[in-house]
Amino acid sequence: VLLTLVFMALLRIKSPEQLSAHAPGEFGRVLGLDRAPETKTVRRKLAELGARGQALELQGAFAERWATEQPELLGFLYVDGHVRPYNGRKYTLPKTHVPRRRLCMPATTDYWVNDAFGDPVFYVTAPGNEKLLAVLEAAVLPEVRDLVGRRRVTLVMDRECWSPARFRDWSERGFDVLT
């Protein structure tokens with residue numbers, strides 16, 4: 001099932017329902033099986049994996065592994081926010097501008113931290129559309145410090161994070177800033 005999910009991502013198959021558009025025999029051969037798992041099997045296994053609630057631990061383990069394998073790539077870290085619209089009814093989220101749709105709607109913002117090559121290291125989902133400075137202070141900088149240790153790191157961000165007072169504070173804490 002994990003291989004199925006990996007190959008779905010590589011083939012840009014975004015949901016288990018889209019598996020029905022691909023020949024199960026051919027997709028199964030890629031996986032080393034007679035047939036690919038059915039849509040309902042993939043959906044059920046995804047629900048089981050999600051019910052464990054260990055996504056953050058998995059993300060942290062991957063980030064730690066990448067940081068120890070190639071620490072030189074963590075000298076420059078690119079931080080950027082991406083708005084993700086919310087269409088559910090379970091939560092009431094504040095409205096924010098969604099550039100893709102050119103309108104304001106309930107959404108959250110994911111702040112991605114990428115290494116020197118632009119590959120993702122980790123991301124943080126802002127609770128209730130917090131601004132970049134607040135998310136940096138509360139979640140991103142502590143996580144970066146855990147990954148790189150005591151060495152200096154340069155954070156590359158857009159103009160949303162502009163704050164000379166914070167830049168001074170971050171410099172004292174071992175972070176350089178490019179905006």
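Which residues lie nearest the centre of the largest pocket? Leu 2, Leu 49, Gln 54, Ala 55 and Leu 58 do. The model is predicted: local features need pLDDT of at least 70, side-chain atom pairs count only at pLDDT 80 or more, and totals for chains, interfaces and linings use all residues. Residues are numbered from 1 along each chain as its sequence is written, and side-chain values use heavy atoms, without hydrogens and water.

**View 1. The largest pocket and its volume.** A pocket is an open set of points on a 1 Å grid over the protein atoms alone, where a 1.4 Å probe fits, with protein on both sides within 12 Å along at least five of seven lines. The volume is about 510 Å³; volume means the space filled by probe spheres set on the points, which are joined across faces, edges and corners.

**View 2. Lining of the largest pocket.** The lining holds 13 residues, each with an atom within 4 Å of a point. Two or more residues come from each of α1 (2-10), α3 (39-51) and α4 (55-69). Helices are DSSP runs of H or I, at least four residues, and strands are runs of E, at least two, numbered from the N terminus. α4 gives the largest share, four residues. By class, eight are nonpolar, four polar and one charged (nonpolar: Ala, Val, Leu, Ile, Met, Phe, Trp, Tyr, Cys and Pro; charged: Asp, Glu, Lys and Arg; polar: the others, Gly among them).

**View 3. The second largest pocket.** This pocket holds about 240 Å³ of space. Twelve residues line it, and Val 83, Thr 96, Thr 109, Tyr 111 and Glu 160 lie nearest its centre. β1 (76-85), β2 (95-98) and β3 (103-114) each give two or more residues to this lining. β1 gives the most, three. The lining divides into two nonpolar, five polar and five charged residues.
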